[in-house]
Each structure stands twice: as structure tokens, then as C-alpha cells.
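User: I am new to this structure and would like to learn how to read its features step by step. Could we go through them together?

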Amino acid sequence: MQDYLEAAVRDVLTAPEARVDDQVGYAALLLAISGALDEADRLVTQWLARTERPVTALAADPVRARAWAMLFEARGARPDWAEGLPPLDLDAEERAHATSLRRPVSDLEGVLPPGLVAEVVKHVAPARPDRVRAALAEGDLELWASLVGPLPDVATVAATRAVAPALVAGADPLGLHDWAPACAGALVAALHERYPRDLGTWPELVAEILRLRGGATPPPPASEAAIRSAELRLGVELPADHREFLRTCDGLPADVVFPRLLGTADLRAEGGVVVLSEPAVLLLSAGHVIEVDPVLGTTVHASFRAALIQHATLLAQAG
């Protein structure tokens, strides 16, 4: 699925918005039928937060709308993001879907461009059962998975009421459950890159970080005297944006993805480098903020604010 994911990420980054919605809608259903409902919910929630478009854009055709409705029924609840999707008559949808699954297909279907000629030919050309859809009609997920190509019609399988409970229970017919977090993560990161959030002033940035962390109260701001005393002790003048941070809050506690940011009383200098965090993974050197990660390596941020914006972005992507 690597080729699919690369193409999907490229579309989210660069394609027209209708194509972005289509890719996210497809990916969310792909995750859902792989038993990764939490990842599907995360992707859709992040898409909503980034784009602020109506959730109906992810279910713009009847089969996708039907697919979500069947999955919600099998889950026994609708997630918060689905409040904007209109309810459907599931019995009527099931009958319509069963008819679709049993519909014969012409050998010439898709060969001719849409139009009157194509419609006439479709009705007179020899027809045959569609093996992929017939497998779903029989509730045979294993056979369905063996017949589909690299980009399966995930909406049609999710819309099949008889198999939706198995999908929600984690049947994972395509064997993609372990891949699902990487897929959702890559698409969420692409959404954040395409639709960056304006985090505004320092108080707004700190408030957003704390909101993403769970809503803690920020520490009180440092006084000008405390900031100047720290600079004299360190033997350096702190960058203007770091001073603004301290004027907003005198440090920040740690969370699961970021170290404790030191306040004025705890800042220290080692070999001409100012240690900004505990543990000492965020350093100030020659006007740049250096982040040392034992797994991801070293990142040089243009400023202290840039490092915190990156932190806020990672928190938002994980949410």
C-alpha cells in the first residue's frame, strides 16, 4: 500500500480541495474496514479541524453515506464527528445495496465514455455476475479480499450490512490493521502542512499547547527583574521571543511528547550553551534553538517560538 499512501499524501498536499476530501473519505473507510476505527476517527476529526468543511463532503455519494451508516449501526454509536451526517433508513439502504451487489455487469461497462451510446450498449451487451460484489452478497469477506485489486471499493464492502459487524469487530480482510496508524499519521501530517493553524500571540500559543495537553493552567509570568537576573547569571541575552515566552509563563511542565521548559530560576549555561529544558534536549546556541532527539536526531529551529509551534503541531496531530 506504499504507492497508494504516497499518492494520497501528495493529493492532500497539492490537489484541489474536492480531491483532498475524496482521498480522506476513502482513507477513513479503508482504516475502518481494517479494524482501525480509532484511526479512522482521528483522521476525520483532524480533517474537520483543519479544513472546517462539512462532514458530508466525506460521504458525497450514496454508497459512502450508506457505508458509514452501516458501520455506525454495527458500532452501536455514532462518533462525535458524524453528527453532521444525516440519518438514513437502514432497511431501505440495505435493500438498495443488495440489488446493487446482484446487478450483472456488461463486458463493455467502462469501455465507452458516459452517454446515450454507452447506456444502449450496456443494456444489449452480454452481462455477467460481478464476482467481487457477489462475494459480498454472500458475506464472504475472505473471497472478496482475494478478488479485489490494489485500490478496493471500500465503500461497497462497508455498506454491506451483513459484513459490517465483522468489520467493526476487527475482521481486517485486507490485513492492514498494523499499517493503519502509519497511514492515518501520514495523512494527518499532510493536512497540518496544507492547512497550518495561525497560533497568534504568545498567550494564544501557550493556551493552545495547554489545551492540547488537557487544559492545565499556565504558570504565572516571569517579572522583568527575574528575566534580567537570569540573563546576568547566564552571561547571555535571551532572544526576544524567549523573553516573550517567559513574560507569558515562567516555564511549562513536561508532557508525554515534550520536556519541561525551564523558567528563569532554572535556566543554566553549560559550555556557552543555554539549557532550556529538563531533560536537556532543547538548547540555545548562537541564537538558534537546537532540539536533540535520541530517536529522530537533531533539529535546528529558527527560534524558540518555532520549536513550540512544532510541539503544538505534534500534539494536534496526535489528538
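**Reading a helix, a buried residue and a sheet**

Analyst: Leucine 90 is a place to begin, and it lies in helix α5, which covers residues 90-102. Please keep in mind that this is a predicted model.

User: Is leucine 90 buried or exposed, and why does it count that way?

Analyst: A residue counts as buried when its relative accessible area is under 20%. Leucine 90 has 16% relative accessibility, and therefore it counts as buried.

User: Which residues is leucine 90 in contact with, once its neighbours within four places in sequence are left aside?

Analyst: With those neighbours set aside, leucine 90 is in contact with Ala69, Met70, Glu73 and Arg161. As for arginine 161, it is 71 residues away from leucine 90 in sequence, while their C-alpha atoms are 8.7 Å apart in space.

User: How should I read a helix such as α12, and which of its residues are buried?

Analyst: An α-helix has 3.6 residues a turn, so residues three or four places apart point the same way. In α12, the buried residues are Trp202, Leu205, Val206, Glu208, Ile209 and Leu210, and the elements that cover them include α14 (240-248) and α15 (304-318). Helix α12 itself, residues 202-213, has 12 residues and reaches 17 Å from its first C-alpha to its last, which is close to the 16 Å expected at 1.5 Å a residue. Just after α12 comes glycine 214, whose phi is positive, at about 125°.

User: Now the sheet: in what order do its strands lie?

Analyst: The open sheet is formed by 5 strands in the order β4-β5-β7-β8-β9, with antiparallel pairing. The edges are held by β4 (268-270) and β9 (297-301), each of which has a single partner strand, so one side of each is left without a neighbour in the sheet. On average, and ignoring direction, neighbouring strands of this sheet are turned by 30° against each other. Helix α15 packs on the sheet, where it touches β7, β8 and β9, and its direction makes about 125° with that of β9.

User: How many bridges join β7 to β8, and what lies between these strands?

Analyst: There are 4 bridges between β7 and β8 (residues 288-293), and the two strands run antiparallel. Together β7 and β8 form a hairpin with 2 residues between them, and alanine 286 in the turn has a positive phi of about 55°. In β8, histidine 288 is the bridge partner of serine 285, and glutamate 291 is the bridge partner of leucine 282.

Terms used. Residues numbered from 1 in each chain as written. Predicted model: local features only at pLDDT ≥ 70, side-chain atom pairs only at ≥ 80, totals over all residues. Heavy atoms only, no water. Buried < 20%, exposed > 50% of the residue type's maximum accessible area, 1.4 Å probe, protein only. Contact = heavy atoms within 4.5 Å. Expected span 1.5 Å × (residues − 1). Pairing = 2+ DSSP bridges. Axes fitted to C-alpha atoms, helices over the stretch in contact; angles between N-to-C directions.
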